[in-house]
Amino acid sequence: MNLHLSKASQLRAMLASGDLEFLMEAHNGISSKIVEETGFKGIWASGLSMSAGLGVRDSNEASWTQVLEMLEFMSDATSIPILVDGDTGYGNFNNLRRVVQKLCQRDIAGICIEDKLFPKTNSFIGEGQPLADIDEFCGKIKAGKDSQPHDNFCLIARVEALISGWGMEEALKRAEAYHAAGADGILIHSKKSDGAEILTFLEEWGRRCPVIIVPTTYYDIPSDAFEKSGASVVIWANHNLRAGISAMRDVSRRIYREQSVKGAEGTIASVKDIFELAENSELADAEKRYLPQGTPETRAIILAASQGSKLGDLTKHIPKCMVDVRGQPLLRRLTSALNQAEIRNIAVVRGYQKQSVNLASIQYFDNDDYEQTGELASLNSAAGYLSGPIIFAYGDILFRHHILDQLVEAEGDIVLVIDALWREKDPAPRSRNRDLVICSEPFNPGYLGNENVCLTQMSPDVPEEQIHGEWIGLAKLSTTGASQVKNAMTKIMAQDDGKKASMIDLFEELARQDVPIRIEYVTGHWLDVDNSSDLADAQKFL
Ligand code: SPV
Ligand code: MG
């Protein structure tokens, strides 16, 4: 590939190189890319192959603008020159003029036109196909050359006298006339298998101008022989199409027979290969340059390892998170709420009866040591997943949507949702294991509410008169917050009694490290399911 030369000048250089050059057939964008990646210096855009690829005959059934459209994809997909099989020029001289202009606009390097009649028939079909009048065809060549907007575009005149059975003399006469009319090269075609008439033509012609040959039927003859006799370019005219047909038949038949793709896998290109051919990585890079880089998608992690023994028989065979709440497991209620807030990437840490926690579209982590360990060990078993922004939730809570919306919008790297009306929920602070908190300021019910409130202390033993609220088991971590939590967690887990640690221990460690923990006050509208009376409340809540 020569980047500083235009495609047309690359083709022109191939014609003039003095070495035997090769053009490989392609018929669409992907076959063109494969030709280029193989190392070929140019592409033959075969009329037969492009027609077949479109499911039609090589009889001008595809219109020239349909061919043009395919050529545009082929040219855009590659940087090597394309010589187009222009059949008979799609009409008379006037049609060809327009075709040449349109090809140049699409950076096509050259066109080959054949001296037959429109609509053409493939040269391998029948005997004695009629040929164009020599003068009319010479006029077409002149018109084509006169309409090209730059000098390097190549027009090749294809002589059909041999393949149509008109004889060597007619072939040479036509070649001479077309050369004189301004053709940049002659394509001489034959369907004989011995190549003899091609070698004779080349010797008689004597390098008066570049000659292109198409050894589809005389494939046995080594390329050297043509090189010695003066051929400039060889076209391998239809072999990618034919290879594609064989490969597609093989794989279709196999999959049909086996009613499975298992056997075919490994015998065919990978999907990754397709992405590489399509240069998907370029698009990914461009997206980074040109698309606004929004915040990464928020994910969620739910701790649901505990049995919930206070629920008695209900949690004999399933953990608390799978207890039915009006026709759906509690966990499904929770994940639906997250989904409604556009949080779709959800992980759950399982423990007790983990096989029963099997809701779809969730990623699972397991704390198999759940009986001997605390909440932090459960969180730690999903440490690899813990990157922000992320919502943290206990698996036994339910809350109204606005609470999650408020949390998602809250500022801060670590934000906890605190219920200021903790006493309304249950006036006895020690009635259960509650995460009671002292904050930097109490809840302000006024219009402006609170701003920048931080956690001062969390404990079940906070003196009653100092309690500002109760953590509802819902939190948000930013990217920074998630890594702060991970660091603190790693530190605690390395300690002797680390595996027994609770979330409270985590917040204490963060406080020791002077990591600010922001809080968002809410007023009720949530519950956690601890015992059967909570469960009854949950049924009402919905
Ligand atoms: C083509 O590839 O469409 C050609 C070459 O024109 S041939 O089919 O051999 O005529
Ligand atoms: Mg053709």
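This is a predicted model: local features need pLDDT of at least 70, side-chain atom pairs count only at pLDDT 80 or more; totals for chains, interfaces and linings use all residues.
Entry on the cores. I looked up the largest nonpolar core, which has 70 residues, and I noted that those with the most contacts inside it are Ile301, Leu379, Leu416, Trp471 and Leu474. I then followed Ile301 and, leaving aside its neighbours within four places in sequence, I found it in contact with Ala347, Val349, Leu379, Ala382, Tyr385, Leu386, Ile390, Ile391, Phe392 and Ala393.

Entry on the ligand. Where does ligand 1 sit? I found ligand 1 in the largest cavity, and the residues around it include Gly47, Leu48, Asp85, Ser123, Phe124, Arg158, His189 and Ala237.

Entry on polar atoms. I looked next at Ser46, where a polar side-chain atom lies 2.7 Å from an oxygen atom of ligand 1. For Trp44, an N or O atom in the side chain is 3.1 Å from an oxygen atom of the ligand, and for Asn122 I noted a polar side-chain atom 3.1 Å from an oxygen atom of ligand 1. Taken alone, ligand 1 exposes 280 Å², and I noted that the protein buries 99% of that.

How values were computed. Residues are numbered from 1 along each chain as its sequence is written. Chains are lettered from A and ligands numbered from 1 in the order in which they are written. Side-chain values use heavy atoms; hydrogens and water are left out. A nonpolar core is a set of buried Ala, Val, Leu, Ile, Met, Phe, Trp, Tyr and Cys residues joined through side-chain atoms within 4.5 Å. Buried means under 20% relative accessible area, exposed over 50%, partly exposed in between (1.4 Å probe, protein chains only). Contact means heavy atoms within 4.5 Å. A residue is near a molecule or strand if one of its heavy atoms lies within 4 Å of it. A polar contact is a pair of N or O atoms within 3.5 Å; within protein, one must be able to donate a hydrogen and the other to accept it, and residues adjacent in sequence count only if both atoms are side-chain atoms. Accessible areas come from the Shrake-Rupley method with a 1.4 Å probe; for residues, only the protein chains shown count as cover. On a 1 Å grid over the protein atoms alone, a cavity is a set of points where a 1.4 Å probe fits but cannot get out, and a pocket is an open set with protein on both sides within 12 Å along at least five of seven lines; lining residues have an atom within 4 Å of a point. A molecule sits in a cavity or pocket if more than half of its atoms lie within 2 Å of its grid points.
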